[in-house]
Amino acid sequence: MELSQLPLVLLLISHIHSGHTEETLKAKVSIKPAEHVFRGETVTLRCDIDGEGVTSWQYSWYKDDSNRVFSELQEHTFSPVTESDAGKYSCYGAERGGSRTSNISDEVTLTVSEKPKVKVSIKPAEHVFRGETVTLRCDIDGEGVTSWQYSWYKDDSNSVFSELQEHTFSPVTESDAGKYSCYGAERGGSRTSNISDTVTLTVSGRPKVKVSIKPAEHVFRGETVTLRCVIDGEGVTSWRYSWYKDGSLYSSNELQEHTFSPVAESVAGKYSCNGAERGGSRTSQYSDEVTLKVSGEFDHLVIYTQVKNADKSDSLTLKCCLGSF
């Protein structure tokens, strides 16, 4: 090698060495408040470049596979964010007034979905009787949130009366009746759900019950007698009936009517009944007792005769009596 070429070789070596030792500047994308957000929120993308020696960067933002720069700010905000803003975002930086550039960042995916739907359920039913245990439950159908703080509202009030997912009235009273709704807010975050539709809780007194006896409360041995349990209450479509005689359970055949055919003196007594909801937990009051009396059957006929003489005329009186043993 000629000596005249040596300075050029040394210069090239110096540049190569300098290129290998220069720090690679890394860019990173962050999304606030989260990478999965709901429509209507405010979302901010931020590009941070990890490198010293550059005092001012010009940023370039890219979405999905496009080469078009849609923003040159370090932070880009969507307010409100919509589903059209969802996608994969990356950025990189170029030194203002200089030649240095960063690496392009890894892509970060922004997911935008509808606010979660919320539903209120009431157990055991929306129409209950005073004294029962009633539970309201707020269910939120949405991904991306691991913990919700719940807010319950009653009627037209803006006052939150509970922050639990479930709220129980035990025992429930008429004052608890009303229209209930709920919604959720992310614990430790900014996301919220929609507010639910209202659900109406109706509370009424336990249904009154009455026993009737056909054909009469006093019958004779050998007749056909039917007891019937009538429950006066709304909200229950099907009852199971229980019959009681002289204070003890007599029949749990669950029928509304109980028939004796033929009736005997042994079934005489005081009868009452009550009802329990089929497939549910509601029960009626107990009826007042009604007394069934059974007498012996008619088994003989007695005719009394009486003859009177008055003013030389004869008079005959007949009297018919039914007797039993």
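The protein has 1 helix and 24 strands, where helices (H or I, at least four residues) and strands (E, at least two) are DSSP runs numbered from the N terminus. This is a predicted model, in which local features need pLDDT of at least 70 and side-chain atom pairs count only at pLDDT 80 or more, while totals for chains, interfaces and linings use all residues. Residues are numbered from 1 along each chain as its sequence is written, and side-chain values use heavy atoms, with hydrogens and water left out.

Of the 325 residues of the protein, 34% count as buried; buried means under 20% relative accessible area, exposed means over 50%, and partly exposed lies in between (1.4 Å probe, protein chains only). The accessible surface of the protein comes to about 20,100 Å², and 48% of that surface belongs to carbon and sulfur atoms; the areas come from the Shrake-Rupley method with a 1.4 Å probe, and for residues only the protein chains shown count as cover. Among the contacts with a separation of 6 or more, 62% are made by residues 24 or more positions apart, a contact being heavy atoms within 4.5 Å.

**Salt bridges**

Side chains of opposite charge can pair when their charged atoms come close. A search of the whole structure finds 13 salt bridges, each defined as a side-chain nitrogen of Lys or Arg within 4 Å of a carboxyl oxygen of Asp or Glu.

| Arg100 | Glu95 | 3.6 Å |

In the remaining pair of the table, Arg100 counts as partly exposed at 28% relative accessibility, whereas Glu95 counts as buried at 19%. Elsewhere, Arg39, Glu83 and Glu114 are linked in a network of salt bridges.

**Individual residues and a surface patch**

Glu186 is found in strand E13 (residues 178–186) and counts as buried because its relative accessibility is 18%. Leaving aside its neighbours within four places in sequence, Glu186 is in contact with Val145, Ser147, Trp148 and Arg191.

Pro80, which lies in the loop between E5 and strand E6 (87–95), counts as exposed at 51% relative accessibility. The C-alpha atoms of Pro80 and Gly40 are separated by 4.6 Å, although the two residues are 40 residues apart along the chain. When neighbours within four places in sequence are set aside, Pro80 is in contact with Gly40, Glu41 and Asp85.

On the surface, Asp64, Asp65, Asp106 and Glu107 gather in a patch of negative charge; such patches are made of residues with over 30% relative accessible area and no salt bridge, with like charges joined within 9 Å. Asp65 sits in the loop between strand E4 (57–63) and strand E5 (75–78), and counts as exposed because its relative accessibility is 76%.

Note on methods. Patch = residues over 30% accessible without salt bridge, like charges linked within 9 Å, V, L, I, M, F, W, Y side chains within 5 Å. Lys, Arg positive; Asp, Glu negative; His and termini not counted. Charge placed at Lys NZ, Arg CZ, Asp CG, Glu CD.
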